[in-house]
Amino acid sequence: MSDEFGADFITITDEDGNEFELEHLETLEYNGQIYMAFFPVVDSDADVEEIDLDEEYGLIILKVVQGSSGDELVTLDNEDELELVYQKFMDEFFADEDE
């Protein structure tokens with residue numbers, strides 16, 4: 001993904017109505033499915049010492065599915081699928097660094 005024009009951000013709402021802002025890192029097609037990788041946006045007012053970056057601000061992978069009102073982003077419930085897609089994203093990220 002090109003950073004020529006800056007980062008892409010989206011806001012999503014979970015099942016409980018909580019809104020989260022995410023920074024889009026990469027999109028990947030694998031096995032006929034589209035997956036997107038994000039990092040949560042860290043609130044600049046948050047106390048950095050109280051944040052567990054590994055737990056709360058790790059990589060988020062969502063799958064694009066066709067919903068009733070168009071494309072929707074959903075979490076991956078299958079651990080095997082999540083691990084495979086995570087590895088594909090890591091391969092992409094490190095391939096970009098090698099170039």
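## Sheet

An open sheet of five strands has the order S1-S2-S3-S4-S5, with antiparallel pairing. The edge strands are S1 and S5, each of which pairs on one side only. On average, neighbouring strands of this sheet are turned by 45° against each other, direction ignored; the axes behind this angle are lines fitted to C-alpha atoms, and angles run from 0 to 180 degrees between N-to-C directions. Strands (E, at least two residues) and helices (H or I, at least four) are DSSP runs numbered from the N terminus, and two strands pair if DSSP finds at least two bridges between them.

This is a predicted model, in which local features need pLDDT of at least 70 and side-chain atom pairs count only at pLDDT 80 or more, while totals for chains, interfaces and linings use all residues. Residues are numbered from 1 along each chain as its sequence is written, and side-chain values use heavy atoms, with hydrogens and water left out.

## Strand pairs and hairpins

Strand S1 (residues 8-13) is joined to S2 by six bridges, and Thr11 has Glu21 in S2 as its bridge partner. The hairpin of S1 and S2 has five residues between the strands, and Gly17 takes a positive phi near 85° there. Eight bridges join S2 to strand S3 (residues 33-40), again running antiparallel. Within this pair, Leu28 stands opposite Tyr35 in S3. Two residues lie between the strands in the hairpin of S2 and S3, where Asn31 takes a positive phi near 50°.

S3 pairs with S4 in the antiparallel sense over five bridges, with Met36 opposite Leu62 in S4. Strand S4 (residues 60-67) and strand S5 (residues 70-75) are antiparallel and joined by six bridges. Val65 has Glu72 in S5 as its bridge partner, and the hairpin of S4 and S5 has two residues between the strands.

## His24 in strand S2

His24 is found in strand S2 (residues 19-30). Its relative accessibility is 10%, so His24 counts as buried; buried means under 20% relative accessible area, exposed over 50% and partly exposed in between, using a 1.4 Å probe and protein chains only. A polar atom of the His24 side chain lies 3.2 Å from the backbone oxygen of Glu26.

## Nonpolar cores

The largest nonpolar core has eight residues: Leu28, Tyr30, Tyr35, Ala37, Ile61, Leu76, Val85 and Phe89. S2, S3 and H2 each supply at least two residues of this core. Apart from it lies another core, of five residues, including Leu22, Met36, Phe38 and Leu62. A nonpolar core is a set of buried Ala, Val, Leu, Ile, Met, Phe, Trp, Tyr and Cys residues joined through side-chain atoms within 4.5 Å.

Not counting residues up to four places away in sequence, Tyr30 touches Tyr35, Leu84, Val85 and Lys88; contact here means heavy atoms within 4.5 Å.

A search of the whole structure finds one aromatic pair. The ring centres of Phe89 and Phe93 are 6.0 Å apart and the planes lie at 25°, so the pair is stacked. Rings of Phe, Tyr and Trp (its six-membered ring) pair if their centres lie within 6.5 Å; planes under 30 degrees apart count as stacked, over 60 as edge-to-face and the rest as tilted.

Phe89 and Phe93 are four residues apart in helix H2 (residues 79-98), and therefore separated by about one helical turn. Phe89 counts as buried, because its relative accessibility is 0%. Phe93 is partly exposed, with a relative accessible area of 21%.

Note on methods: Polar contact = N/O pair within 3.5 Å; in protein donor to acceptor, adjacent residues only side chain to side chain.
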